[in-house]
Amino acid sequence: DLAGDLPPHRVVPRSHRTPLPIRVPPHFVTDPATYSYPRYLEAKKTVDARALNRRVWSRFVDELEASSAPPVRVLEVGGGVGATVERVVEALEPRTTDALHYTLVDIEPDNVEAARGGLRAWAERRGYNVSGGTPQVWTGGPVEVTVRFVSADLFDVAGAYEGPPHDAVIAQAVLDLLSIPDALGALAPLLAPEGLWYLPIHFDGVTALEPQVDSDLDARVERLFHESMADPSLDGERAGAHCGRRLLRHLHDSDAALLEAGSSDWVVVPQDGGYPGDEAYFLHHILHFIETELTGHPELDAEAFAEWVATRRRQVETGGLIYIAHQLDALARHR
Ligand SMILES: C[S@@+](CC[C@H](N)C(=O)[O-])C[C@H]1O[C@@H](n2cnc3c(N)ncnc32)[C@H](O)[C@@H]1O
């Protein structure tokens with residue numbers, strides 16, 4: 001079994017921590033006064049679904065199906081509320097794979113609890129019989145699925161692991177928060193020879209908000225927001241805003257064989273005066289990240305910045321904001 005209750009020792013950066021207790025009414029969309037990180041991850045699902053690079057994903061699923069004798073073993077770190085579990089199961093259902101052992105690790109217990117409840121409901125809606133807590137076992141469908149939920153720091157999990165090796169390690173939108181060589185180095189021993197790294201949605205240095213509010217201030221906010229993603233406690237090792245390209249370079253320079261790479265930009269555009277799904281909330285949460293990081297920044301006039309945030313929020317509420325973030329996906333084979 002993976003280490004269950006090890007204490008987290010890595011600090012999650014300010015903008016990525018679960019910010020406040022969950023007190024968000026179900027239909028709460030505009031001008032949020034409280035924020036829920038699990039709700040942000042739920043709202044992000046439809047944005048990611050459009051963004052994920054199809055070529056990288058198809059190659060991953062083909063290679064995963066071909067990878068080994070059943071069960072296929074997948075380890076996902078920083079798995080959040082379980083979006084990728086759903087995606088992997090959906091992709092394998094029509095294929096020859098008939099058994100999947102999936103381990104979802106996340107440092108935030110709230111995310112893991114949301115994943116456990118959300119995946120149970122999702123699997124039951126798809127006709128699976130679901131039993132157990134950890135592991136959760138899904139039977140009666142095209143794939144026999146076992147999902148193990150681990151609330152711990154991925155470095156502690158990697159250090160304590162003694163089980164069978166995995167056919168794939170997944171980290172989606174996670175390596176921006178860590179030192180890439182440290183994280184991949186810690187996880188590599190958990191991969192089988194020829195195992196797969198599937199590493200999608202890694203931010204790569206472009207945030208665009210349209211329409212312009214004030215071109216100078218827009219540019220300054222973007223620059224300072226990107227600068228805030230670096231973490232001095234990691235001695236410049238954390239790639240921050242340039243995670244995507246650093247990840248590709250790191251894989252290229254390492255023993256791993258880079259199989260596919262491609263872009264997975266988030267593009268959120270209004271439709272009929274509103275946004276699909278819960279994407280208005282997603283946009284408010286992105287603005288919340290920017291506001292939290294930059295309020296009080298010495299290079300920003302406090303009043304002008306507060307007015308900038310208020311204008312951006314009004315643009316969300318009136319269905320006028322377009323948001324783009326450039327990101328990259330990578331698939332590599334461990335050697
Ligand atoms: C941006 S979210 C991405 C979540 C999910 N992969 C997705 O794309 O929806 C980053 C996740 O990594 C988790 N995380 C950050 N540092 C971690 C660590 N050291 N060990 C395990 N999880 C970590 C956070 O709690 C958060 O859920």
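Predicted model: local features only at pLDDT ≥ 70, side-chain atom pairs only at ≥ 80, totals over all residues.
## Ligand shell and salt bridges

R223 and E227 sit together in helix α7 (residues 215-227), 4 residues apart, or about one turn of the helix. They form a salt bridge with closest N and O atoms 3.2 Å apart; the term means a side-chain nitrogen of Lys or Arg within 4 Å of a carboxyl oxygen of Asp or Glu. Numbering starts from 1 along each chain as its sequence is written, and side-chain values use heavy atoms, with hydrogens and water left out.

**Around the ligand**

- The ligand is surrounded by 18 residues (a heavy atom within 4 Å), and the closest are K44, G78, D106, L154 and Q172.
- By class, that shell holds 8 nonpolar, 5 polar and 5 charged residues.
- Helix α1 (residues 37-51) gives the most to the shell, with 3 residues.
- A polar side-chain atom of N111 is 3.0 Å from a ligand oxygen, while an N or O atom in the D153 side chain is 3.2 Å from a ligand nitrogen.
- A polar backbone atom of Q172 lies 2.8 Å from a nitrogen atom of the ligand.
- The protein covers 97% of the 590 Å² of accessible area that the ligand has on its own (Shrake-Rupley method, 1.4 Å probe).

**Salt bridges**

- The count comes to 23 salt bridges.
- E86 pairs with K45, with closest N and O atoms 3.2 Å apart.
- E86 lies in helix α3 (residues 83-92) and K45 in helix α1, so this pair ties together parts 41 residues apart in sequence.
- E86 is buried at 13% relative accessible area, and K45 is buried at 17%; buried means under 20%, exposed over 50%, and partly exposed in between (1.4 Å probe, protein chains only).
- E260 bridges to R59, with closest N and O atoms 3.4 Å apart.
- That pair links distant parts of the chain, with E260 in strand β8 (residues 257-263) and R59 in helix α2 (residues 54-66), 201 residues apart.
- Salt bridges that share partners join R55, R59, E63, E194, E260 and R333 into one network.

**T207**

- T207 belongs to strand β7 (residues 191-210) and is buried, with a relative accessible area of 10%.
- Its side chain makes a polar contact with the side chain of H226 at 2.7 Å.

How values were computed: Polar contact = N/O pair within 3.5 Å; in protein donor to acceptor, adjacent residues only side chain to side chain. Helix = DSSP H or I, 4+ residues; strand = E, 2+ residues; numbered from the N terminus. Nonpolar A, V, L, I, M, F, W, Y, C, P; charged D, E, K, R; others polar.
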